Amino acid sequence: MVEDESTEYRGIEAIRRWRRAVPLVSHEITDIEETPAGTIVTATIAGDFPGSPFAGLRYRFSDYDENVIRALRIAP
């Protein structure tokens, strides 16, 4: 499951469609925090979208192991 801009995408095909629809961006990781709920990676992203570059975007990874990420939430 990926949540981006308050919309959830579930399943491989839905996530692939979402990924193809969003603009390509570059990421500059500015922080990584381990929490009981998972890992939060904070980044500045830049690309062809309004408001670029955007600092402070948080990628919240949860329910994962060394092989699979089952949940990713992207939000400031």
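Modeller: Let's start with a term: a pocket is an open set of grid points where a 1.4 Å probe fits, with protein on both sides within 12 Å along at least five of seven lines. This is a predicted model, and its largest pocket has a volume of about 520 Å³.

Biologist: Which residues lie nearest the centre of the largest pocket, and how many line it?

Modeller: The lining takes in 19 residues, and those nearest the centre are Asp4, Glu5, Ile45, Leu57 and Ile74. Lining residues are called so because they have an atom within 4 Å of a point.

Biologist: Which elements each supply at least two residues of that lining?

Modeller: Helix 1 (12–21) does, and so do strand 3 (25–35), strand 5 (54–64) and strand 6 (69–75). By residue class, the lining holds 15 nonpolar residues, one polar and three charged.

Biologist: Happy with that. What is the order of elements from the N terminus on?

Modeller: The order is β-β-α-β-β-β-β, that is, one helix and six strands.

Biologist: What makes the radius of gyration of the protein chain agree with a compact globule?

Modeller: For 76 residues, the rule for a compact globule gives a radius of gyration near 11 Å, and the protein chain has 13 Å, which agrees. The C-alpha trace spans about 30 × 30 × 20 Å along its principal axes.

Biologist: What share of the residues counts as buried?

Modeller: Of the 76 residues, 24% count as buried. The accessible surface comes to about 5,400 Å², with 54% of that belonging to carbon and sulfur atoms.

Biologist: Why does Thr42 count as buried?

Modeller: Its relative accessibility is 10%, and the cut-off for buried is under 20%. Thr42 therefore counts as buried. Thr42 sits in strand 4 (residues 38–47). Leaving aside residues up to four places away in sequence, Thr42 touches Glu28, Ile29, Thr30, Asp31, Gly56, Leu57 and Arg58.

Biologist: How many residues apart in sequence are Ile40 and Gly11, and what is their C-alpha to C-alpha separation in space?

Modeller: They are 29 residues apart in sequence and 22 Å apart in space.

Biologist: Now back to the pocket residue Glu5. Is Glu5 buried or exposed, and why?

Modeller: Glu5 has a relative accessible area of 70%, and exposed means over 50%. That is why Glu5 is called exposed. Glu5 lies in the loop between strand 1 (2–4) and strand 2 (7–9), and its phi is positive, about 50°, although Glu5 is not a glycine.

Biologist: What about Ser6: buried or exposed?

Modeller: Ser6 is in the loop between strand 1 and strand 2 as well. With a relative accessible area of 72% against a cut-off of over 50%, Ser6 is exposed. Phi of Ser6 is near 65°, a positive value in a residue other than glycine.

Biologist: One last item. What kind of peptide bond joins Ser52 and Pro53?

Modeller: A cis bond, with omega about -5°. You will find Pro53 in the loop between strand 4 and strand 5.

How values were computed. Residues numbered from 1 in each chain as written. Predicted model: local features only at pLDDT ≥ 70, side-chain atom pairs only at ≥ 80, totals over all residues. Heavy atoms only, no water. 1 Å grid on protein atoms, 1.4 Å probe; cavity = no way out; pocket = protein on both sides within 12 Å on 5 of 7 lines; lining within 4 Å. Points joined across faces, edges and corners; volume = space filled by probe spheres on them. Helix = DSSP H or I, 4+ residues; strand = E, 2+ residues; numbered from the N terminus. Nonpolar A, V, L, I, M, F, W, Y, C, P; charged D, E, K, R; others polar. Rg over C-alpha atoms; globule rule 2.2 N^0.38 Å. Buried < 20%, exposed > 50% of the residue type's maximum accessible area, 1.4 Å probe, protein only. Areas by Shrake-Rupley, 256 points an atom, 1.4 Å probe, with all protein chains shown as cover. Contact = heavy atoms within 4.5 Å.
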